[in-house]
Amino acid sequence: VHQYLVIRPRAASASGQSALTDMGGAAVALFAATRRRCFIPLVTSSLPRAARGLHEAAAAAGEDKARTRRRRSSSSSFLGPDITDTWDPPPRPAASPLPPPAAGVDYESTATIIDGKSIAEDIRLQIAEEVLQMKNAAGHVPGLAVVLVGDRKDSQSYVRFKVKGCEEVGIKSLLAELPRNCTEDEVVDSVSRFNEDPSVHGVLVQLPLPQHMDEEKILNAISLDKDVDGFHPLNVGNLALRSRKPLFVSCAAKACLELLFQSGIDLMGKHVTIIGRSKVVGLPTSLLLQRHHATVSVIHAFTENPEEITRGSDIVISAAGVANLVRGSWLKQGAVVIDVGTNPVEDPASDFGYRLTGDVCFEEAVNVASAITPVPGGVGPVTIAMLLANTLDSAKRVYGLSD
């Protein structure tokens, strides 16, 4: 049809119109699509009026079909199915054998351990000095408020670390503890009271929340200028736009980059694989890395060949929440590994009956990577230090002490 009507338009006379009719609706639709793409001037100027009318009618029918398709495509389907990541790694024996030497892994090397505790201590010392200067200059100190819902042991432990961190640097801390069966409105009320308190410069809600609560509704109740966790849509959106500057960036994402910076790792042009795409770690870390011109791959529960993708990376950041998901065979020789995972594993020898382990099988990875963070003692302490730093920055803006 393309050749007949466009290359030889002079043949589209009365007999050409008859030929068009005989070809049926399929040819007309194809011709209409061809016209829309690139041959509008040539065809309309060459066809007789009757053929042009037939063509325009077919084009209008095509537009109607397109509009029908657009109406059927809802915004939710355009954005992709809302499916929760459920990591289900294949079962592995307790002592999995290391990959054979043929896999290109050299087990004679040993990685440098990135000491998150030491890095966090240096950051806290700097924060303590600035808090003291603020107290002398403005007569105030920063304030951090935490809302804790329920009695999860891990959440209670994280909150204790945050409160202790505040005490160490001179930041005032406030804690609202609510029962697990409280309502969403009660949580929002607690957040609102902290929003209105001028002595509070940072507000966070400890996650996860009980399943009956709308997490987004509660997090969105936090005032933008007190969103020290960096979860507010405007903070995330401004982070995604390189020309914009968010008020706050996710503490875990900042911790990952701080550990890389302190280890002398150059990010520009490096291939970084992030395992996990949560709004707490995976998403903001990927956006932050792109601002530093890294090439980023994000692996999630539905990714095909995650091991192959990870093995091609210069830097691996894992935040999947699955103990020992990343094995030594997943890493290329000399890769840098940032393990964000904090997973409780049963251990009868421990005083608590469990021990914490990361997403990365440390015993294997330490012999392949060039540098690696331990669990515990890696990302966790620096994440809390970044929370304190965000709270300090918020107070400095309020008191006119920002750089």
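**A tour of the sheet and its helices**

Start by selecting Leu144, which stands opposite Ser173 in strand E3. Keep in mind as you look around that this is a predicted model.

Now widen the selection to residues 143–149, which form strand E2. Strand E2 runs parallel to E3, and the two are joined over 7 bridges.

What is its strand order? Reading across, the order is E3-E2-E4, an open sheet of 3 strands with parallel pairing. Select 172–178 for E3 and 202–205 for E4 to see the edge strands, each of which pairs on one side only. From one strand to the next, the twist averages 15°.

Your next stop is helix H6, residues 153–169. Try the distance between its end C-alpha atoms: they are 25 Å apart, which agrees with the 24 Å that 17 residues should span at 1.5 Å a residue.

Which residues of H6 are buried? Color Ser155, Ser157, Val159, Lys162, Gly165, Cys166 and Val169 to pick them out. Their packing partners are helix H5 (116–138), strands E2, E3 and E4, and helix H14 (379–398).

Finish just after H6, at Gly170, where phi is positive, at about 90°.

How values were computed:
Residues numbered from 1 in each chain as written. Predicted model: local features only at pLDDT ≥ 70, side-chain atom pairs only at ≥ 80, totals over all residues. Heavy atoms only, no water. Pairing = 2+ DSSP bridges. Helix = DSSP H or I, 4+ residues; strand = E, 2+ residues; numbered from the N terminus. Axes fitted to C-alpha atoms, helices over the stretch in contact; angles between N-to-C directions. Expected span 1.5 Å × (residues − 1). Buried < 20%, exposed > 50% of the residue type's maximum accessible area, 1.4 Å probe, protein only. Contact = heavy atoms within 4.5 Å.
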